[in-house]
Amino acid sequence: MPDSFFSSTKNRKRKRSVSTAEGARGAKKILRKGKSSSQDSKLINSSTRGVRRAADEELNSDRTDSEDGGIDDIELRADVEPETSGDEDEQETPAEKRLRLAKLYLESVKDGLADGEFDAAEIDRELISERLRQDVLEHSGKVHLFVADLYDFTSTSSLRCRGHRFSVTSAVASEDAQYLYTSGKEGTINKWCLQSGKKIATFYKQRVAKGKEKALPQDIQGHTDEILSLAVSSDGRYLASGSKDRRVGVWDVEKDEWVKGFGGHKDSVSSVAFRKGTQQLYTGSFDRTIKLFDLSVMGYVETLFGHQDTILSLDALRGETAVTAGARDRTIRFWKIADESQLVFRGGGKSAIRELLEGGAFEGHEDEEHVDGMKVDGPKSNKGKDKMKESKYAEGSIECVALIDETTFVSGGDTGSICLWNTQKKKPVYTQTLCHGFHEVQSSTEGLVRTPRWITAVASLRYSDMFVSGSWDGEVRLWKLDQKLRSFSLVGSIPAPGVVNSLQLLVLPRGALDNAPWREKEQRPPTKSPVQPALLVVGLGQEHRLGRWLSLKGEGVTNATTVHIIYPRT
C-alpha cells in the first residue's frame with residue numbers, strides 16, 4: 001500500500017499554487033486601493049509575509065484547506081498595529097511643535113512665579129511678559145540694562161559676616177539670595193543664611209595622614225590646603241572650590257556634603273566659574289591651563305592651552321565662551337569653546353604717572369637731548385635711549401577680569417588702571433588710570449615712595465552698564481558705562497576697609513530679604529520701583545588672597561565678608 005504522504009503530493013502542490021495566486025491577487029487589490037498610504041504599505045508587507053509563511057508551513061492537504069480562504073483575513077489583521085504617540089509626534093508640523101513647546105515654557109514660568117503672593121492677573125500681565133522679555137534679551141548676549149543712574153549709592157543696608165581666622169579669599173552668594181558662601185586662607189568654607197545673617201554650616205580643612213597610613217587623594221573628603229576661589233551653579237545645587245592642593249572640589253550644598261574632587265591640574269587652582277544656566281564648570285590654574293568639567297555627569301571634558309604665565313582670574317556668562325587673565329604674560333584670552341579657538345588681547349600697559357616718575361630720573365643732567373619725548377644725557381644718548389625704551393615698554397601684570405556681556409569685558413592690573421575691551425578690537429577701547437590712587441611708603445633712603453595701588457578684584461552686574469572694582473584704599477568703587485560702551489566714569493563708592501579679595505554684584509530677586517532683620521525698614525524701596533535693588537558681596541582680608549605682600553592693620557580692617565543692598569532712587 002503506498003504511503004499517504006506520497007499519494008497527496010499532487011494535491012499539495014496544486015493547493016499551494018492556488019493559495020499563492022490568491023495571496024498575490026489580494027496584495028494587488030490592496031496596492032490598487034491606495035498607493036500613497038503608509039498604512040497600506042504595512043498591509044502589503046504583512047500579506048506577502050503571510051503568503052511566504054503559508055507556503056513554507058503547509059505539510060498536508062488539511063492544513064492547506066484551512067488556509068485557502070484565511071490568508072487575507074488572519075495575517076493582515078494580525079500585523080496592523082494601532083497608531084502610537086510616536087506616530088503623532090512624527091506627523092506634528094514644525095509650527096505645531098513650536099506652539100506646544102511655547103505652551104510648556106509658559107506653564108513652567110507660571111509655576112516658578114506663582115510661589116509668591118501674587119494673583120493670577122498680575123502674573124499673566126506683568127511677571128510673565130517681563131520674564132519672557134528678560135530671557136530674550138539675555139540670550140541676545142548684549143548689554144540691555146542701563147540702570148546705573150537709577151541707583152542711590154548713598155542708601156545701603158550692610159551685613160558683616162565674620163567667621164574666618166585669616167583673610168577671606170572668596171565670597172559668593174546664590175542667585176536666589178538665600179545663602180552666602182565664604183572661604184578663607186585657613187582652608188575652611190562657611191555657609192551663611194542671608195536672611196538671618198547667621199552661619200549654618202562649615203566645611204573644614206582635612207588633615208593628611210603621613211607615612212604608611214597616607215590616604216589617596218580620591219579618598220579625602222575635602223581640601224587639604226588654602227581655598228582660593230568659589231563659584232555657585234545657577235540652580236544653587238553645586239558649590240565649586242579651587243584650592244592650593246591642586247584639586248577642584250564639588251559640594252552638594254543642599255545636603256551640605258562633599259560630592260567629588262577633580263584632579264588634573266599640576267599647580268594651585270586659582271579661579272573657578274560656572275557657565276550661566278548650566279552645570280558646566282571652568283577652572284583656571286597656576287599651571288597655565290583651563291579645564292572644563294560637566295557636573296551633570298561628574299566628568300572631565302577638555303583642557304585649553306595658551307597662557308604663558310599663571311592664570312589669576314576667569315569669568316564666564318551664558319555663551320559657550322570664557323575669558324581669562326594671564327598675570328605677567330600681559331594677555332587676556334577670550335576662549336571660544338565650541339570653535340576650539342581663542343582671541344588674544346595684549347594689555348598691562350603702564351600708567352602715565354609711572355612713566356613720568358621713571359622719566360624724571362634722567363632730568364637735571366647736562367648736555368641732555370630728547371629721545372621719544374624724554375630727556376637723556378648727550379654723551380650717553382644711545383644707552384639712555386635703550387634704557388628708556390626698555391622702561392617705557394616694561395609692562396606689568398593683569399590681575400583680574402570680568403565679563404559685562406558676551407563681547408565686552410573689563411580688566412584690572414598692577415598699574416592701577418582699568419581697561420575696557422571689546423572682542424572686535426585688539427587694543428583697549430578705553431583706559432582709566434589710577435583708579436584707586438597711590439600706595440605711599442616711607443623709605444629711609446628714598447624718602448616717600450608712591451606707587452599706584454593695583455586692582456585686586458572687578459565684578460559686573462551681568463548685561464548691564466554697571467561694574468565695581470576693589471583695591472586696598474578702603475572703598476569699593478562703582479563705575480558706569482556710557483550708552484555706546486566706549487568709556488566709563490565713577491558714579492559712587494562704598495566703604496570696604498582691608499584688601500578686597502573678592503567681588504560679586506547681582507540683582508536681588510523680587511521679595512528676597514524683605515524681612516531680613518539687618519535690612520533697615522526705612523530704606524526699603526517703593527513697590528513700583530523700575531528696578532530691583534542690587535546685592536554687592538565683598539570679601540575682605542588683612543592680606544592679599546595669593547600672598548603676604550601686604551599686611552594691613554589699621555582701624556576697622558578685619559577678615560570678614562560684607563554684604564550691601566544698593567537701593568534704587570526714590
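This is a predicted model: local features need pLDDT of at least 70, side-chain atom pairs count only at pLDDT 80 or more; totals for chains, interfaces and linings use all residues.
Me: What does the protein come to in terms of helices and strands?

Reply: The secondary structure comes to 10 helices and 32 strands. Buried residues make up 46% of the 570 residues.

Me: Why is Cys161 called buried?

Reply: Buried means under 20% relative accessible area, and Cys161 has 3%, so Cys161 counts as buried. Cys400 gets that label too, because its relative accessibility is 5%.

Me: What makes β26 and β29 edge strands?

Reply: Start with the sheet: it is open, has 4 strands in the order β26-β27-β28-β29, and its pairing is antiparallel. β26 (457-460) and β29 (488-495) each have a single partner strand, so one side of each is left without a neighbour in the sheet. From one strand to the next, the twist averages 25°.

Me: How do you know that β26 and β27 pair?

Reply: Pairing takes at least two bridges, and 4 bridges join β26 to β27 (residues 466-470), so they count as paired. These two strands run antiparallel. For one of the partners, look at Ala457, whose bridge partner in β27 is Gly470.

Me: What makes β2 a mostly covered strand?

Reply: Go through residues 168-173 and you'll find that 6 of the 6 are buried. β2 is also joined by 5 bridges to β3 (residues 179-184), which runs antiparallel to it. In that pair, Ala173 has Leu180 as its bridge partner in β3.

Me: What makes Ala177 stand out in the hairpin of β2 and β3?

Reply: Its phi! Most residues other than glycine have a negative phi. Ala177 takes a positive value near 60°, and it is not a glycine. The hairpin has 5 residues between the strands, and Ala177 lies in that loop between β2 and β3. With a relative accessible area of 2%, under the 20% cut-off, Ala177 is therefore buried.

Me: And Arg246, is that one buried, partly exposed or exposed, and why?

Reply: Arg246 has 45% relative accessibility, which falls between 20% and 50%, so it counts as partly exposed. You'll find Arg246 in the loop between β7 (238-243) and β8 (248-252). Arg246 has a positive phi of about 70° although it is not a glycine.

Me: How do you know that Ser397 makes a polar contact with Glu399?

Reply: Ser397 is in the loop between α10 (381-392) and β20 (398-403). At 2% relative accessibility, Ser397 is under 20%, so it counts as buried. Not counting residues up to four places away in sequence, Ser397 touches Leu312, Ala327, Arg328, Gly413 and Asp414.

Me: Which residues have the most contacts inside the largest nonpolar core?

Reply: Leu503 and Leu536, in a core of 22 residues. At least two residues of this core come from each of β1 (151-161), β26, β27, β28 (475-481), β30 (499-507) and β31 (534-541). β31 gives the largest share, 4 residues. Leaving aside neighbours within four places in sequence, the contacts of Leu536 include Val468, Val476, Ile494 and Leu503. Apart from this core lies another, of 19 residues, among them Ala173, Ala512, Leu513 and Tyr567.

Me: Why is Asn559 called buried?

Reply: Its relative accessible area is 11%, and under 20% means buried, so Asn559 qualifies. Asn559 sits in the loop between β31 and β32 (561-568).

Me: What does the side chain of Asn559 reach?

Reply: It reaches the backbone nitrogen of Gln542 at 2.9 Å. The side chains of Asn559 and Ser167 are also joined by a polar contact, of 3.4 Å. That value is within the 3.5 Å cut-off, so it counts. And although Asn559 and Leu540 are 19 residues apart along the chain, their C-alpha atoms are separated by 5.7 Å.

Terms used:
Residues are numbered from 1 along each chain as its sequence is written. Side-chain values use heavy atoms; hydrogens and water are left out. Axes are lines fitted to C-alpha atoms, for helices over the stretch in contact, and angles run from 0 to 180 degrees between N-to-C directions. Buried means under 20% relative accessible area, exposed over 50%, partly exposed in between (1.4 Å probe, protein chains only). Contact means heavy atoms within 4.5 Å. A nonpolar core is a set of buried Ala, Val, Leu, Ile, Met, Phe, Trp, Tyr and Cys residues joined through side-chain atoms within 4.5 Å. A polar contact is a pair of N or O atoms within 3.5 Å; within protein, one must be able to donate a hydrogen and the other to accept it, and residues adjacent in sequence count only if both atoms are side-chain atoms.
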